[in-house]
Every structure is written in C-alpha cells, then in structure tokens.
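This briefing goes through a few local features, grouped by topic. Keep the structure open and find each residue as it comes up.

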Amino acid sequence: MKLINKSHVAKKMPARLAVNTICKGLFFLATLVGLLVLAILFYRIFTQGIGSLNGDFLQNFASRKPEEAGIKAALIGSIWLMVVVAPVSLLLGVGTAIYLEEYARKNWITTFIKVNISNLAGVPSIVFGLLGLTVFVRALALDRSILAAGLTMSLLVLPVIIVAAQEAIRAVPRDLREASFGMGATKWQTILKVVLPAAIPGILTGGILALSRAIGETAPLVVVGIPMFIAFLPQTVMDTFTVLPMQIYNWTSRPQEEFQQVAAAGIIVLLILLIFMNSIAVIIRNKFQKRY
C-alpha cells in the first residue's frame, strides 16, 4: 500500500518551492525596509547632532542660547526617575506575578485579573498620565515631583513587567517544583530557591526593557505637568525636575535651526542610554540563562 503518491508530490513541488521563494523574499524585504528606515534615522540624527555633542553639552544646564544649552539637568532627572521607577515597578510586578502563578486559585476571578493586566499593557500611555495627575499630583498632593512622576511611570510599565514575570515563572519546569517539595521544602522556599533563580533571566530582561520604555516616554509626563526647562539639579524625590524626552521636545519646538542640532545631540544621548540598558538585558539573559 502506497502512502505517498510520488507523481502527485512531484507535480506540486515546483509550486510549493515558488511560494516558499516568494515568501522568503517578502520577509527579507520587510526586514530590509525596517533596517533602511533605522539607518536613515541614525544617519540623520548623528550628522545633525554630533557637532553639538561635547563635554560642555553634558555639563551645562538648559539655556535660551543654543551654543550654551546643555542636558545636565535632564540627564540627572532621568536617573532620578529610574531610581523611583525601578524598585517600585519591579517589586510590585514580580510580587504580583508570583502570587498569580504560585498562590492564586485557578478560577475565573484569577483569569479575569490576568486578562485585564494583559489589556493594561496596551493602554495608551497618556491614560496613565491622567491617572497620575488625578491620584498622585492632586489627591496625594505630591505636586510635580520626582515621586509623583516615578509612581505614574511605574503604573505605565507595571503590566509589562507582570506579564514578563508571569511568562518567566510559568516557563520553569514543574519537575523542579516537585523535586523541591520532595526534599521537604516549603512553598516559599521552593519559590525563593528554585523558581525565582530559574526565572531571573526572563524577569530581568522584561524588567529592563520596560524601564527602557519608561525612560523614553513623554506623554504621561506632559500630562502630569513636568516642566521642560530646569536650571538646577533635584536634591530629593520631592523636588521638581525634567527628563531627557521633555528637554528634547522643548528644543524641537523652537524655530531656530541651532536648537534642532542641540535636540539631535540630546537624542543621541538618549539612544546611548537606551542601548546601554538593552545591552544589560542581553548580558543578563546570556549570563544567567539555564536550560532544564
């Protein structure tokens, strides 16, 4: 009994190979278009802003004169923002993921919560800005401080971190948990000593990518009321501040051509910071990733 009709396969094979070649070419073209746009963007930014990128640019405060304008306050403000966002979002996000995956009962309520968390990851960032303005700036009277902005940005990236942590925890083999229980470990000891170490690459990678999004967001900060022009450094989390995207937005809104070049230099600094954070995510994933 013949299971394969060789003549039929031979007739169909040229058409299948042609479709495969066409799809391969389309996918390559899609990749090439993305890389081409990225290359044009990089070329435009670097050729326009590399002349303004120097030591004085990193050490000076913002100024009405483009030749004296710097990014010191915005750079330090972005670092201050991450000091608030990183611990708040990571602790809350990972803790929520641990509860939902390890402790919560598998019922419709848990499923409803998980679905809505996933939906929150796709909500426009300006909605979180409105929430931060209502709750942190006005209700809690935190004003336009680092703490208010940091809590607002934490809400923005929290769903992304929760989903990433859930996927990382869910990917840990069940056999590891059962082996830990078989050795007499408690539920928390198993999570702390077995589950979390195995899930660290995925959790930290997702966390750093979420923080990279937070450091480049502008819309929530505009709604909260973060100023674009600051000529001093914040000393505490209750001080007013500005960040790199806000300062860049301020420069691009000015009509002078020189400010466009200064804005391009600011974009280069922001890109370097984002590439550095994403590189840390790749290094952590490669260093701590284990296969079971």
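Ala 141 sits in the loop that links helix H5 (125-139) to helix H6 (146-170). The model is predicted. The points below begin with this loop and then turn to aromatic pairs and surface charge.

- Ala 141 has a phi near 55°, which is a positive value in a residue other than glycine.
- Most residues other than glycine have a negative phi.
- Ala 141 is exposed, because its relative accessibility of 58% lies over the 50% cut-off.
- Asp 143 is also found in the loop between H5 and H6.
- The phi of Asp 143 is positive too, at about 60°, although Asp 143 is not a glycine.
- Asp 143 has a relative accessibility of 48%, so it counts as partly exposed.

**Aromatic pairs**

- The structure contains two aromatic pairs.
- In the pair of Phe 42 and Phe 46, the ring centres are 6.2 Å apart and the planes meet at 85°, so this pair is edge-to-face; the cut-off for that label is over 60 degrees.
- Phe 42 and Phe 46 both belong to helix H1 (residues 6-49), where they are four residues apart and therefore separated by about one helical turn.
- Phe 42 is partly exposed at 30% relative accessibility, and Phe 46 is partly exposed with a relative accessible area of 36%.
- In the pair of Phe 57 and Trp 251, the ring centres are 5.9 Å apart and the planes are at 40°, so this pair is tilted.
- Phe 57 is in helix H2 (residues 55-59) and Trp 251 is in helix H10 (residues 244-252), so their pairing ties together parts that are 194 residues apart in sequence.
- Phe 57 is buried, with a relative accessible area of 2%, and Trp 251 is buried at 1% relative accessibility; buried means under 20%.

**Negative charge on the surface**

- Which residues gather in a patch of negative charge on the surface? They are Glu 67, Glu 68, Glu 257 and Glu 258.
- Glu 257 is placed in helix H11 (residues 257-288).
- With a relative accessibility of 46%, Glu 257 counts as partly exposed.

How values were computed. Residues numbered from 1 in each chain as written. Predicted model: local features only at pLDDT ≥ 70, side-chain atom pairs only at ≥ 80, totals over all residues. Heavy atoms only, no water. Patch = residues over 30% accessible without salt bridge, like charges linked within 9 Å, V, L, I, M, F, W, Y side chains within 5 Å. Areas by Shrake-Rupley, 256 points an atom, 1.4 Å probe, with all protein chains shown as cover. Salt bridge = Lys/Arg side-chain N within 4 Å of Asp/Glu carboxyl O. Lys, Arg positive; Asp, Glu negative; His and termini not counted. Charge placed at Lys NZ, Arg CZ, Asp CG, Glu CD. Helix = DSSP H or I, 4+ residues; strand = E, 2+ residues; numbered from the N terminus. Buried < 20%, exposed > 50% of the residue type's maximum accessible area, 1.4 Å probe, protein only. Phe/Tyr/Trp six-rings, centres within 6.5 Å; stacked < 30°, edge-to-face > 60°.
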